[in-house]
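The exercises below are meant to be worked with the sequence and the model side by side. Try each task before reading its solution.

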Amino acid sequence: MAIETPPTSASSAPSAAATAAASVPSRLSGRARLVLFVLCAAQFMVALDFSVLNVALPVLGKDLGLSTTGLQWAVTAFALPSGGFLLLFGRIADLYGRRRLFLAGLTLFGAASLLATLAWDPASFLAGRALQGLGAAVIVPTGMSLLTTTFPEGPLRDRALGISGTLLSLGFTVGMVAGGVLTDTLGWRSTMGLLAVASLGVLAVAPSVLEESRTADRPRLDVPGAVSVTGGLLALIYALTTAAERGFGGADVVVTLVLGIVLLCAFVVVESRTAAPLVSLPMLRRRTVAFGNLGGLVTFSMMSTVVFVLTLYLQEVLDLSPFATGLVFGVQGLLSVVAGMFAPRVIGRIGARRTLALSLLGQGLFIGVLLGLGAESGVWLATVAVSLASMFHLGAIIAYGLTVTSGVPNEEQGLATGLVTTTQQVGLTVGIPLLGVLATTQGSLFDGVRTVVAVAAAILLAAGAVVAAGLRRG
């Protein structure tokens, strides 16, 4: 079902694209549904990995002898490679085959999950987490580019991305609930074992369903660009995640933060001078790419931060149990599914650009409602407000993916979706270090939660206005 790009000349490409578009059915075929199921299952599995371990961390630490700093590394070890290598693997997939790399990523992710399940000491566990992150860095961009090359622009792609975005959001929420249930009943190792079994199931079906997809030609890989952007992202993510634990005053935080900025600046210089860049700077100058990714970065970073501080609020301020807290976010997940069903229809009527801007504004509005939370009560308000905010968040996820990838030729879909997924992973990673630390540095935790909510709402409302203005033309 995926599009195999033949070695045609540049002049024949538009005609071939038009012919392919004309032959696309108006509804998903049985095979297309199976392709979508495989790709969405893989994305859901990676999203699950972001949250399923959170509740289990205290138990895990006691079992393996991990200190508080070590528990932070249980998260950081996954975040570093999953965010740092996305662009690189997205481009490699363009050149050498998206299906091939997707299957390799699934294999690595499954083996790494098994290693984490059987971990006998902190080193083996952290190694498993790092390899999981590396596998995720392969799965996410290749899975997204296989989806966008399988489903052409229009209602089919809108629907496919709607389902994918819904499951991405649902996976994060389900992970929070499932992590508590599994840890209480089967132990923390079952959270990692679940991922190993899931990856094996997807890997059993994927080879017979997916077809290869790659660019027509194979230019040389931009090694200097790959080294600078990967190193820059790794340094930046390390600095921000470490700052969340120890603040921004540490020498290692300052050094890696400066290093990350320098390497990313060097990356821009390299890309402007190479014949076959890893990232096309003209692509970054497209309004749809620039403002679409801005919207994606804001929606992911602010939502992950609000969920983080609400977890603290519900458990530390209102004394809810982890299970009851998970149920609050379970409602959020259910409404996200509802939003995923209707978002493609909204996009079909008003367009992805308007949907993105309105979704950011709606998300900011309902997060602002959380300022009404009390120090002794607020469970129902938290449940309703964060669930409605999540519905707009889901709309923003789908709309920004469509905005960034629309109009991009198949040979650059891996690059475009690499930017989309890099924005997603960086957003999930940087929000908590940048704002979450405010929750624990105010006069009280309750005051800190209110501060984070106010700042997040303001950022979302401002971003919605900027994106609306930026996407009005171009």
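**Exercise 1. Find which residues of H5 and H7 meet, and describe how the two helices cross.**

Solution. Leu86, Phe89, Gly90 and Ala93 in H5 meet Leu134, Ala136, Ala137, Val138, Val140, Pro141 and Thr142 in H7, where contact means heavy atoms within 4.5 Å. The residues of this contact divide into 9 nonpolar, 2 polar and no charged, with Ala, Val, Leu, Ile, Met, Phe, Trp, Tyr, Cys and Pro counted as nonpolar, Asp, Glu, Lys and Arg as charged, and the others, Gly among them, as polar.

Next, take the geometry: helix H5 (residues 86–96) and helix H7 (residues 122–150) pack at an angle of about 50 degrees, with their axes 8 Å apart. H5 and H7 are therefore oblique to each other, given that angles under 35 degrees count as roughly parallel, over 145 as roughly antiparallel, 65 to 115 as roughly perpendicular and the rest as oblique.

Before going on, note that this is a predicted model, in which local features need pLDDT of at least 70 and side-chain atom pairs count only at pLDDT 80 or more, while totals for chains, interfaces and linings use all residues. Residues are numbered from 1 along each chain as its sequence is written, and side-chain values use heavy atoms, with hydrogens and water left out.

**Exercise 2. Decide whether aspartate 49 is buried or exposed, and list its contacts beyond the neighbours within four places in sequence.**

Solution. Aspartate 49 is found in helix H2 (residues 30–51). Its relative accessibility is 0%, so aspartate 49 counts as buried (buried means under 20% relative accessible area, exposed over 50%, partly exposed in between, with a 1.4 Å probe and protein chains only). With those neighbours left aside, aspartate 49 is in contact with Phe78, Phe109, Arg129, Gln132, Met192 and Leu195.

**Exercise 3. Classify the ring pair of phenylalanine 300 and tyrosine 400.**

Solution. The structure holds 4 aromatic pairs, a pair being rings of Phe, Tyr and Trp (its six-membered ring) with centres within 6.5 Å, where planes under 30 degrees apart count as stacked, over 60 as edge-to-face and the rest as tilted. The ring centres of phenylalanine 300 and tyrosine 400 are 6.1 Å apart and the planes stand at 80 degrees, so this pair is edge-to-face. The pair links distant parts of the chain, with phenylalanine 300 in helix H13 (residues 287–317) and tyrosine 400 in helix H16 (residues 379–405), 100 residues apart. Both phenylalanine 300 and tyrosine 400 are buried.

Conventions:
Helices (H or I, at least four residues) and strands (E, at least two) are DSSP runs, numbered from the N terminus. Axes are lines fitted to C-alpha atoms, for helices over the stretch in contact, and angles run from 0 to 180 degrees between N-to-C directions.
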